[in-house]
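Here are a few quick notes from going through this one. Have a look at the structure first, then read on.

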Amino acid sequence: MAVALAKLLISAVAVFMLVSASFATSEVPFMVVHKKATLNRLKSGAERVIVSYDIYNQGSSSVYDVTLTDKSWVKAKFDVVNGNTSKSWERLDAGGILSHSFELEAKVKGVFYGAPAVVTFRIPTKPTLQEAYSTPLLPLDILADKPPTNMLDVGKRILAKYGSLVSVISMVVLFIYLVATPKSNVSKSSSKKKR
């Protein structure tokens with residue numbers, strides 16, 4: 001009885017290992033969607049939002065019917081200036097990258113919290129559409145009153161950025177000057193001692 005139970009247990013473990021190994025080596029996509037938004041203040045006082053997406057397929061198989069949809073940019077707050085808030089592609093190969101961007105103009109002043117974009121795609125082994133979500137955005141302070149920049153702050157930033165470079169160049173120039181300058185005082189004092 002114990003021997004039969006041991007054989008059953010060993011065969012069950014062997015079947016489990018074979019099944020799990022087949023799942024581990026099966027081809028599956030792994031989608032990473034990066035969403036980024038940058039603000040651009042125009043001279044007219046308007047503010048533009050440039051939104052870009054990078055869709056990475058880090059898996060081992062291709063995906064098909066890839067669709068990016070971002071419904072967080074409502075028409076009451078933003079006008080689309082360039083591009084579309086959604087985009088479709090036929091295919092994304094394993095290890096491939098797709099990119100999309102569009103430009104909006106803000107209508108309303110305030111802090112905006114954007115929701116993640118949704119990417120739907122199809123894989124050959126499953127009949128239903130799969131979903132992936134983008135990274136969330138940090139809050140955007142749109143049309144914010146920005147204080148004028150202080151010239152002292154600008155000077156501090158320049159000093160912090162280039163101060164060490166100026167110091168090194170000054171030392172090198174001083175060294176070259178000291179080496180290249182004739183030593184006239186030394187020759188006069190040595191000629192006096194010889195007489």
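1. Starting with the record, and keeping in mind that this is a predicted model: the unreviewed UniProt entry puts a "transmembrane region" at residues 159–180. In the model, that span comes out as 100% helix and 0% strand.

2. Four strands make up an open sheet, and going across you meet them in the order β1-β2-β6-β4, with antiparallel pairing. At the edges sit β1 (31–41) and β4 (78–82), each of which pairs on one side only. From one strand to the next, the twist averages 30°.

3. Zooming in on one pair in that sheet: β2 covers residues 47–57 and β6 covers residues 97–106, and the two run antiparallel with 9 bridges between them. If you want a spot to look at there, arginine 48 stands opposite glutamate 105 in β6.

4. Now for a single side chain, glutamine 130. This residue belongs to strand β9, which spans residues 130–133. A polar atom of the glutamine 130 side chain lies 3.2 Å from the backbone oxygen of threonine 128.

5. Which residues does glutamine 130 touch, once those up to four places away in sequence are not counted? The list is Val119, Thr120, Phe121 and Ile123.

Terms used: Residues are numbered from 1 along each chain as its sequence is written. This is a predicted model: local features need pLDDT of at least 70, side-chain atom pairs count only at pLDDT 80 or more; totals for chains, interfaces and linings use all residues. Side-chain values use heavy atoms; hydrogens and water are left out. UniProt positions are given in the numbering used here, feature names are shortened, and annotations may be inferred rather than shown by experiment. A polar contact is a pair of N or O atoms within 3.5 Å; within protein, one must be able to donate a hydrogen and the other to accept it, and residues adjacent in sequence count only if both atoms are side-chain atoms. Contact means heavy atoms within 4.5 Å. Two strands pair if DSSP finds at least two bridges between them. Axes are lines fitted to C-alpha atoms, for helices over the stretch in contact, and angles run from 0 to 180 degrees between N-to-C directions.
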